[in-house]
Amino acid sequence: MKAYYLFLTVAGAAMLCLGLLDVPTLTDDMLYRFQWTSDPSAPVETIDGVADLLRSQWNHYQLVNGRFVPHLLAQAFLVFAPWWLLPSADALLFVLLVHLCVRRVAPDGRQQLFVAVAVVFLLFIVFSGFRSAMLWGLGTFNYLWVLVAVMMVLTCVERSDLPRRWLPALCPLLLLAGWTHEALSVPVSAAFALCLFVRRRQLRHSPVPLLMLSFMVGAALCLTSPGIWNRSTEGGTMQARLMSAAINCVSNVRVLWLLLLTLAVMWLRHRPVVVHHLRSHAYSYVALAVAFAIVLACGTNLERVGFYTDFIAMLLWLSLLHGHVRQAWARRLSAAGCLLMLPVFVWACALRQENRRYWLYAEQQMTEPGRELIAVRMAPKGESWLTDALREHYVNTSIDFGFYSCYMAFDASDSNIRCAARLYGKQRLTFLPEGVLQRIATDTAAYSNCELDSSATLFVWRLPDDRPVSQVLLLLSPEDVSQLDPLRRLLAYKGDSYDIDDFHRETVNVAGRPYLVFTRPTTNIFRRIRAVELRAAGGRRSCAPYTAE
């Protein structure tokens, strides 16, 4: 027991260390410091009190999604709390989450240390989206905090000795817990609904149905947000949704496949054990099925999209293994898990500290009076596949120039960048890679032709005059799709040209000269570029040849 609590303490300290090394990003970390408005192009409005906070979240509920409770907390923390409070609270909640998982998987108190190490190992090493769900401020409110709330709800509804006099206090709390994140509250509500139907006679005189119904009402409030249904169409065509579903199955869902594989193996060897497990956890499997259906239908392939599915699968997998791993093997596996996590943790801390230095360098420039063009230092890519993978898994890049970014750091009119400018007392801000700015400063002929920057992320092209660019067209080489390997054939772009939309391009004035900046497109398009053509006001057209290496 002492070893168990010592491990929880170490895990909490590790999460605190990772959290303290976190830095803001130019996305939601900026937007949530100001009021959400019905018009995204409206002037940025500060939050000066509770009334502003509630008005902001009402607009958020109408425009974005129904997660009123976690996002209300998120805005309150970002605006009113000192910076160190959130990572401290996250560390405590992470420890509580691990403890609740252990209590659920091992209620008899056996092998608690093994289960705790397994939970932390799976979350820290295996889960897709650990960075964005557990190491990013807005992510913690949507995942870590929600998970703790729902785990406490499950602990509450499973108590048979719950006094009825607690209901007036518990019912509103369970409603708020349901009004958090539809990807978890809806699956749990489906399991509750089935439970209420199947066990309606046994629960007739119990306070549990009222608690379950309170949670389900909260889930309904989350799901009926106008914003969530407006955004549900963003997944695109059926083909695009199927592609996202395939990506989710391959990269964003991991523990689920581990659970299914273990079930298949144990079905062949220990069928009675599997039958007993399925009967004991039937409602959890209903929740798992609904959660996975949401992953398949959501139309987005963000790395954290399968987080809740894998979390439910993790609890089921550990419940299946619990009691069937010998004590000696449990000790060995616990020691091996700790030994593997230690160097990964140290490396993750080093990479997050590097990212912190890059952010502080940009922030120092943002505090300089009159400075609006910010040079961005970025971590090098390609040093080694392991370093790149660790950055992807543990580092929240503060400033991103990627094609799939939800903001364009070089666009001063982007809502995220406008919020950053207001936060630092500027009229406008523009971010460009430091290497691009240094080359322009030392070479007046730099980027006379359309070129990629040194990070191979942005195209830069010096324009002859200030006339606005109306279109940027990538002219593509022909491609015989039938000659491609199956994966490339599936992702192949069918057209012979590609139009860079307004969101991914901008004209930026550097050293008194105009430069067209736009993001590198996806690989299936980039490898075929033979020329870049732009059209500007007054009918001017320019075309530059280009060969992708």
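**Figure 1. Contact of helix H9 with helix H11 in the predicted model.** Leu-167, Leu-170, Cys-171, Leu-174, Leu-175, Ala-177 and Gly-178 of H9 meet Leu-210, Leu-211, Ser-214, Phe-215, Val-217, Gly-218, Ala-219, Leu-221 and Cys-222 of H11. By class, this contact comprises 13 nonpolar and 3 polar residues, with no charged residue. H9 spans residues 167–178, and its axis lies 6 Å from that of H11, at a packing angle of about 35°. The two helices, H9 and H11, cross in a right-handed sense.

**Figure 2. Contact of helix H5 with helix H6.** The axes of H5 and H6 (residues 112–126) are 9 Å apart, and the helices pack at an angle of about 125°. H5 and H6 are therefore oblique to each other. Their crossing is right-handed. On the H5 side, the contact is made by Phe-94, Val-98, Cys-101, Val-102 and Val-105; H6 contributes Gln-112, Val-115, Ala-116, Val-119, Val-120 and Leu-123. Of the residues in the contact of H5 with H6, 10 are nonpolar, 1 is polar and none is charged.

**Figure 3. Contact of helix H16 with helix H17.** The axes of H16 and H17 come within 9 Å of each other and cross at roughly 155°. Because of this angle, H16 is roughly antiparallel to H17. The crossing of H16 with H17 is left-handed. Ser-284, Tyr-285, Ala-287, Leu-288, Ala-291, Phe-292 and Val-295 form the H16 side of the contact, and Thr-309, Ile-312, Ala-313 and Leu-316 form the H17 side. The contact of H16 with H17 contains 9 nonpolar and 2 polar residues, and no charged ones.

**Figure 4. The largest cavity and its lining.** A search of the whole structure finds 1 cavity of 30 Å³ or more. The volume of the largest cavity is about 40 Å³. Its lining consists of Ala-183, Ala-291, Val-295, Val-305, Gly-306, Tyr-308 and Thr-309. H16 and H17 are the elements that give two or more residues to this lining. Among the lining residues of the largest cavity, Ala-291, Val-295 and Thr-309 also belong to the contact of H16 with H17. By class, the lining of the largest cavity has 5 nonpolar and 2 polar residues, and charged residues are absent.

Figure 5. At least two lining residues come from each of the helices H5 (85–105), H8 (137–157), H10 (182–198), H11 (208–223), H15 (271–280), H16 (282–297) and H17 (307–321). The lining of the second largest pocket divides into 23 nonpolar, 12 polar and 5 charged residues.

Note on methods. Residues numbered from 1 in each chain as written. Predicted model: local features only at pLDDT ≥ 70, side-chain atom pairs only at ≥ 80, totals over all residues. Heavy atoms only, no water. Helix = DSSP H or I, 4+ residues; strand = E, 2+ residues; numbered from the N terminus. Nonpolar A, V, L, I, M, F, W, Y, C, P; charged D, E, K, R; others polar. Axes fitted to C-alpha atoms, helices over the stretch in contact; angles between N-to-C directions. Parallel < 35°, antiparallel > 145°, perpendicular 65-115°, else oblique. Left-handed = near helix turned anticlockwise from the far one by under 90°. Contact = heavy atoms within 4.5 Å. 1 Å grid on protein atoms, 1.4 Å probe; cavity = no way out; pocket = protein on both sides within 12 Å on 5 of 7 lines; lining within 4 Å. Points joined across faces, edges and corners; volume = space filled by probe spheres on them.
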